[in-house]
Amino acid sequence: MDILRRNNVTVTGNPDGPVVVLAHGFGCDQNMWRLTVPALADTYKVVLFDYVGAGRSDPSAFREERYASLDGYATDVVEVCEALDLRGATFVGHSVSAMVGVLAARTAPERIGALVMVAPSPRYLDDEGYRGGFDARDIDELLGSLESNYLGWSAAMAPVIMGNPERPELGEELTHSFCATDPDMARVFARTTFLSDSREDLATVTVPTLVLECSEDAIAPRGVGAYVHAAIPGSRLVTLDATGHCPHLSAPNATNAALTGFLADLR
């Protein structure tokens, strides 16, 4: 199979510049980065893609057994990097994609030379000494609602995830993105996402890393960013003046400033 077609890979920006790979989160697609690309395009070669089951990816490539763990998504990332012969790229992962980036960087260190984690969470479920933001009942209800009525769940949850009630158009956009995702594939990705525990994987990160958290986030509450930062030696933590779980849409200027500042320091 053509890997680039499988993941609907798009390459834009400066063809001779350092490479930045932008990876979307659950229920989204590469269009969610449209406010970030212009801030990068003059200087950087920008690679975007859709995970299988999202956007304009090839749905025939979906295999539940592959995508029932984050390793399956990380394998896709590595295969895209290999197909484009990327070396030393900066991987920018939103939400669960931040942990996918950790796994991909460990698997193919020659391909990924830096990480940017946008609203990351290594574990959504609370644990002893760790607050992920959800207890077991929360997760059970979330997944049960999603699996029984995906469209209804999307309409109810997207505005909460976006977290900007005074700007309803943002919640509506995320709702539309969720609803455009194949429900059966979304159920697998949701279960993979919300039941994952990548805390031990953080210690394997050896590349320069930027952690971007929001001042208020219903999915990755304050404290999670600090946890990720403390677990990755030498990482940089920036708390954005932004609310919600998608700062690249709700606060693009602040997000882009932090991202481009970090990228400039890498050059």
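Modeller: Let's start with Gly144, which sits in helix H6. This is a predicted model, in which local features need pLDDT of at least 70 and side-chain atom pairs count only at pLDDT 80 or more, while totals for chains, interfaces and linings use all residues. Residues are numbered from 1 along each chain as its sequence is written, and side-chain values use heavy atoms, with hydrogens and water left out.

Biologist: Why is Gly144 called partly exposed?

Modeller: Buried means under 20% relative accessible area, exposed means over 50%, and partly exposed lies in between, using a 1.4 Å probe and protein chains only. Gly144 has 34%, so it is partly exposed.

Biologist: How do you know that Asp138 can belong to a surface patch of negative charge?

Modeller: Patch residues have over 30% relative accessible area and no salt bridge, with like charges joined within 9 Å and nonpolar side chains (Val, Leu, Ile, Met, Phe, Trp, Tyr) within 5 Å. A salt bridge is a side-chain nitrogen of Lys or Arg within 4 Å of a carboxyl oxygen of Asp or Glu. Asp138 has a relative accessible area of 31%, so it passes the area cut-off. Asp counts as negative, and Asp138 gathers there with Asp126, Asp135 and Asp140.

Biologist: Why is Ser121 called buried?

Modeller: Its relative accessible area is 1%, which falls under 20%, so Ser121 is buried. Ser121 lies in the loop between strand E5 (112-118) and H6.

Biologist: What makes the pair of Ser121 and Arg123 a polar contact?

Modeller: A polar contact is a pair of N or O atoms within 3.5 Å; within protein, one must be able to donate a hydrogen and the other to accept it, and residues adjacent in sequence count only if both atoms are side-chain atoms. A polar side-chain atom of Ser121 is 3.0 Å from the backbone oxygen of Arg123, so the distance is within the limit.

Key:
Areas by Shrake-Rupley, 256 points an atom, 1.4 Å probe, with all protein chains shown as cover. Charge placed at Lys NZ, Arg CZ, Asp CG, Glu CD. Helix = DSSP H or I, 4+ residues; strand = E, 2+ residues; numbered from the N terminus.
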